Amino acid sequence: MNGFGFTTCPNIVCERGGARELAGLCRETGMRRVMLVTDPGIVRLGLHKPALAGFEAADTALTLFDRVEADPAESTILAAVKRAREENVDGVVGFGGGSSMDVAKLVALLAHPDTKQAIGDVYGVGNAKGRRLPLVLVPTTAGTGSEVTPIAIVTTGETTKMGVVSPLLLPDAALLDAELTLGLPPAVTAATGVDAMVHAIEAYTSRIRKNPISDGLAREALGHLSRSIHTAVHEGDNLEAREHMLLGAMLAGQAFANAPVAAVHALAYPLGGQFHIPHGLSNSLVLPHVMRFNISHAAAPYAELAPLVFPDTHWSGSDQSIANDLIDRIEGLIESLELPDRLERMDIAPEALTGLAEDAMGQQRLLVNNPREVSYDDALAIYRAAY
Ligand SMILES: NC(=O)c1ccc[n+]([C@@H]2O[C@H](COP(=O)([O-])OP(=O)(O)OC[C@H]3O[C@@H](n4cnc5c(N)ncnc54)[C@H](O)[C@@H]3O)[C@@H](O)[C@H]2O)c1
Ligand SMILES: [Fe+2]
């Protein structure tokens, strides 16, 4: 076994209706002047309302920053940091999907009174220094696992994103309240749910930092996600299924935070960057094709995961044949979730595939984790298979 390290968020609370206790959790982490970072869609739905009442009762000042957009731009983060400084906040809550949580992470880092770093100084791995403000994260989507990852993703140009990776971005607490996710539309539930499944699958086959803790988390995550994704998409008000999805996404987040994702994500990012396809859907479009490419190097771990993804199937035969069947069944699952399953259906011209493959080769940080080496020709062949 390779040596390994494992880090995660120290305090995870999973409770239906838990948003009503958010103010108390914030006070426990030492916050008295809180900035709640969220997006306009959430405010329109009033999802943050149960949490707000608690702040009045707890006598804690609250500033609402509700200008986060999907795939947040650097300018949004700078605006939020400026506001946090003006309001002299001493703690930050990220309340929403990956976009709001990622903005909150960077505000906690960059608005700390001792921070001398500008945003341009912290991109990359391990470049953030010093301290951050107390930070609590409350996910309202079940996908990114951002509430337990040391990662924040920022849109820095028309088609480019950059990541900040630092243990400083792990929050003091993550609060999982499945009631917040009851209204997620079916298409978002499906895409973000498949993203979480990909986090677990890629963590389990991660080449360099795969380890026994992330393996256990990935397996547990897949159990929760596979059991519930169909129900969560087709019966959105099923709280039990929503809770399994939220828990599964968090467990998968812990897994991939320590055993990073690979070629599925590397090939998905260019689809998001160039064609603004949502992250989960981009993953779903390439997932079966990357798995087929990987099978020569990952048949055994795929075969280990098959009974977790489809527990009602009797699995027998060689690893190779089980892995092949698993991939076919995953294609069936994607279809049953009513997600588009071909790049051709996404308004992508066939001539665009070479540009996508070029961009994918730029994702070496992820490609090094793939069980099988991926060349430019391989990437192009995978996009063609997905077309
Ligand atoms: N930090 C990480 O580890 C990590 C990992 C993967 C992706 N990301 C980033 O996360 C972002 C994507 O996050 P996301 O997929 O969670 O979506 P999101 O945060 O971008 O939100 C998407 C939309 O869903 C709506 N929404 C959120 N919760 C809702 C609810 N409960 N009911 C109804 N609508 C709701 C929002 O209003 C928004 O319009 C991207 O910027 C991506 O790069 C971060
Ligand atoms: Fe992802």
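Which residues does Leu267 touch, not counting residues up to four places away in sequence? In this predicted model, the list runs to Val286, Val290, Ala360, Ala379, Ile382 and Tyr383. Leu267 also turns up in the largest nonpolar core, a set of 129 residues, where Val37, Val92, Val93, Val107, Ala200 and Leu267 touch the most other members. Helix α11, spanning residues 279-309, gives the most to this core, with 13 residues.

Next comes the ligand site. Ligand 1 is surrounded by 29 residues, and the closest are Gly41, Gly97, Gly98, Ser99 and Thr149. Two or more residues of the shell come from each of α2 (40-45), α5 (98-110), β7 (151-155) and α7 (186-204). Helix α5 supplies the largest share, four residues. By residue class, the shell around ligand 1 splits into 16 polar, ten nonpolar and three charged residues. As for domains, at least three residues of this shell are drawn from each of domain 1 (12-180) and domain 2 (183-386).

Asn88 isn't a glycine, yet has a positive phi of about 55°. Asn88 sits in the loop between α4 (74-86) and β4 (91-96), and counts as exposed because it has 12 C-beta neighbours inside 10 Å. Glu338, also a residue other than glycine, has a positive phi near 60°. The loop between α12 (319-336) and α13 (353-361) holds Glu338, and with 12 other C-beta atoms within 10 Å, Glu338 is exposed.

Note on methods: Residues numbered from 1 in each chain as written. Chains lettered and ligands numbered in written order. Predicted model: local features only at pLDDT ≥ 70, side-chain atom pairs only at ≥ 80, totals over all residues. Near = placed C-beta within 6 Å. Nonpolar A, V, L, I, M, F, W, Y, C, P; charged D, E, K, R; others polar. Domains from an automatic or database assignment. Core = buried A, V, L, I, M, F, W, Y, C linked by C-beta atoms within 7 Å. Buried ≥ 20, exposed ≤ 12 C-beta atoms within 10 Å, placed from the backbone. Contact = placed C-beta atoms within 7 Å.
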